[in-house]
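Hi,

Here is the structure for you to look over. My notes follow below it.

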Amino acid sequence: MTVIIGLEIHCQLTTRTKLFCGCSTDYRNDPPNTHTCPICLGLPGTLPCLNRKAVEYALRVAKALNCTVLEEAEFARKNYFYPDLPKGFQITMYDRPLAVDGHLEIEADNGTEKRIRITRVHMEEDPGRLVHVGSGDRPRYSLVDYNRSGIPLIEIVTDPDLRSPKEARRFINTLRTTLEYLGVFDGDREGGLRVDANISMERGSRVEVKNISSYKGVEKALTFEITRQRNVIRRGLSVERETRHFLEARGVTTSARSKEEEHDYRYFPEPDLRPLRVREWCDAIVLPELPAARRVRFADSFGVSPSHARTLCGDLKLADFFEEVVVCGDPILAATWVADTLLGEVYYRDMEIARVPAGHFVELLRLLKKKEITDKGGVEVLRAILDQSARGEVPETPATIVARLNLGKAAGDAFGPVIREVVESCPAAVQDFRNGKPEALNYLVGQAMKRTRGRADPKELARMIREAIGGSGVTG
Ligand code: ZN
Ligand code: MN
């Protein structure tokens, strides 16, 4: 059964002020209802005043997503009554959105590039945030915080081109990266991105899953929903067309009892704002280098492998970090250490790349390049730097750490006694190797690595062990 998925993604734009008033958008560390004014509280008699920067940011997004900007876009009122929206309507765009008919290339499940069509891109205001107090499904009361009310949002709607939860997640990651490159979005901001997903089995009814608010949540919610729909079909029933909510904590979707139809919203053009004629403005915008172009540049000018280029450019800060440390003189070594080793270590520590001292990392790469330490020793040096950084200390230089931990790679001769010891203490493995089992050599090298505490180069050890035990017809 083919799975058909389309997404509607809301992203908060990182302007300094809200969409229609001068309130600051930087509210996350402040108490509720401290970033408000009569406009974003929707008091009678106030008028919205459009934030020019928000329009510029939205145009950057439309352009990067290869959309056509409408000759005349128009704000519209979407009427509904809910406490998160004191005006009784949301200012959004309806039948004349900012831009239509775009696309974004992502990596498909089979590793090739796949084009996901973008139906439309429009601007709207974020509603306030409700906080339900009490347990689970039966809150005792709800509180409302209008700090979020009026934050500029861009809503991006895709065609139903996605075929699996993994693809959906990859689309969202690619979109996130693109928006970060554009300088209009901060993916680390809590609640900065919310997703609604439309999902159906081929020829089945469409189910809308609302309000998925994390990157991982998208894949989880879709995976759950596919299993649920498959089971309904397996039982000989048909999937009902409905709206469901994703309950992140339980990883399930549940049926939402009522759903407004389009016509319930009584859309009409917003009388307090003029139509937007911004096509020429969009034409004049010059976009920064986007992830795809940067990947090509990393491959062409540094010789970085396609998979490393993808990893590095998949995160703006990581790509910037790589460009800072590539001065070590060996781009491929730098790419490997940033994309494979460093990324794993910072992920494990839940640390920001920005906190890794680039100068220290360059020095570490130079030690590795000159083969003054082994890869294993390099990892130890890196861990020491990261741990010290994470504790807020000024990290020691790699050279200091190498000296302190005695990680300097000793000359091969120094390992003679170790090799003899290993050969003597593991006669079975030696015999296996002589009998033509090359994997026995790995075991012996492992033993020698243990005894040299990672200071020796494993290839060098393998060569020395082979020399010491000789007599085998197998060469590794
Ligand atoms: Zn305000
Ligand atoms: Mn919306």
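Domain 1 (3–284) and domain 2 (291–405) both give residues to the lining of the second largest pocket, so this pocket lies between them. The domain bounds come from an automatic or database domain assignment. A pocket here is an open set of points on a 1 Å grid over the protein atoms alone, where a 1.4 Å probe fits, with protein on both sides within 12 Å along at least five of seven lines; lining residues have an atom within 4 Å of a point.

This is a predicted model: local features need pLDDT of at least 70, side-chain atom pairs pLDDT 80 or more, while totals for chains, interfaces and linings use all residues. Residues are numbered from 1 along each chain as its sequence is written.

The pocket holds about 1800 Å³, the space filled by probe spheres set on the points. Its lining has 39 residues; N173, R176, T177, G314 and D315 lie nearest the centre. Helix 2 (165–181) gives the most, eight residues. Helices are DSSP runs of H or I, at least four residues; strands are runs of E, at least two.

Nine strands form it, open and mixed, in the order 2-5-6-9-1-10-11-12-13. Strands pair if DSSP finds at least two bridges between them. Strand 2 (68–69) and strand 13 (252–255) are the edges, each with a single partner, so one side of each has no neighbour in the sheet. Strand 11 (207–212) and strand 12 (242–247) run parallel, joined by four bridges. V209 stands opposite R244 in strand 12.

Best wishes

Conventions:
Chains lettered and ligands numbered in written order. Heavy atoms only, no water.
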